[in-house]
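Hi there,

Here is the structure I promised to pass on.

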Amino acid sequence: MDTRYDRSQEVIKNHVLISMGAGLVPIPILDIAAVTAVQIDMLKQLARVYDVSFSENSGKGILSALTGSTLARVGASMVKAIPGIGTLFGGLSMAIMSGASTYAVGQVFQQHFSAGGDFSDFDPLKARDNYEEELRKGKEKAAQWKSEKDRYAKTDDPNDEILRQLAQIGELKEKGILSEEEFQKMKERLMEKMQ
């Protein structure tokens, strides 16, 4: 039986995995923009599942108010600027935080929409505690889903991960999140890593 809840959970899971990939974007700050775009798309799809009107502008404002300070995410993003280990550590931290945040946003809005709410009556301040609770759960879920995904995609070729990242930045470029110049820089960095 295909219920709204089941469909909404599938939307959330897919966007958590996509946002984790976007969190790995190797350019500081651009990763946050990419994750925000993924979360906006998730809100749009959740609104469609629950037959709620969606406005990208109001979605961005509500998302910003709900997630509040992005200092932790920006901190993980800026660590990427440190050559070598910073890129690896910052990317991994940002990926988990991106997935957890996307999970939390998705759960909060799924609950709000299933209770008959819409964007006009959503109160980010009242939802903040629920968001923080779901963020804690989201860290575990993001790690679990990533592990499941990695298990199915596991190969012995180290270039496979680079090819996957190339595909992801290609998708971000197609969606207008990355400019041609940003895409080319990222592509060059990834190509240098190929063996």
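Below is what turned up, starting with the core and ending with the aromatic rings. Please keep in mind that this is a predicted model.

**The nonpolar cores**

The largest nonpolar core is made of 31 residues. Leu66, Val105, Phe109, Phe113 and Phe119 have the most contacts inside it. At least two residues each come from α1 (4–23), α2 (30–49), α3 (56–67), α5 (85–114) and α6 (124–153), and α5 gives the most, with 8 residues.

Ile40 is found in helix α2. Its relative accessibility is 7%, so Ile40 counts as buried. Leaving out residues up to four places away in sequence, Ile40 touches Phe54, Glu56, Gly59, Lys60 and Leu63. Leu63 sits 23 residues from Ile40 along the chain, and their C-alpha atoms are separated by 7.8 Å.

His15, in helix α1, is buried too, because its relative accessibility is 4%. What does the side chain of His15 make a polar contact with? The partner is the side chain of Asp41, at 2.7 Å. A polar atom of the His15 side chain also lies 2.8 Å from the backbone oxygen of Val11. With residues up to four places away in sequence set aside, His15 touches Val38, Asp41, Met42, Gln45 and Thr102.

**The aromatic rings**

The count comes to 6 aromatic pairs. One of them is Tyr50 with Phe113, a tilted pair at 6.1 Å centre to centre and 50 degrees between the planes. This pair links distant parts of the chain, as Tyr50 is in the loop between α2 and α3 and Phe113 is in helix α5, 63 residues apart. Tyr50 is buried at 8% relative accessible area, and Phe113 is buried at 4% relative accessibility.

Phe109 and Phe122 have ring centres 4.4 Å apart and planes at 20 degrees, so this pair is stacked. Phe109 lies in helix α5 and Phe122 in the loop between α5 and α6, so the pair ties together parts 13 residues apart in sequence. Phe109 is buried, with a relative accessible area of 0%, and Phe122 is buried at 9%.

Finally, ring pairs join Tyr50, Phe54, Phe109, Phe113, Phe119 and Phe122 into a cluster.

Terms used: Residues numbered from 1 in each chain as written. Predicted model: local features only at pLDDT ≥ 70, side-chain atom pairs only at ≥ 80, totals over all residues. Heavy atoms only, no water. Core = buried A, V, L, I, M, F, W, Y, C linked by side-chain atoms within 4.5 Å. Buried < 20%, exposed > 50% of the residue type's maximum accessible area, 1.4 Å probe, protein only. Helix = DSSP H or I, 4+ residues; strand = E, 2+ residues; numbered from the N terminus. Contact = heavy atoms within 4.5 Å. Polar contact = N/O pair within 3.5 Å; in protein donor to acceptor, adjacent residues only side chain to side chain. Phe/Tyr/Trp six-rings, centres within 6.5 Å; stacked < 30°, edge-to-face > 60°.
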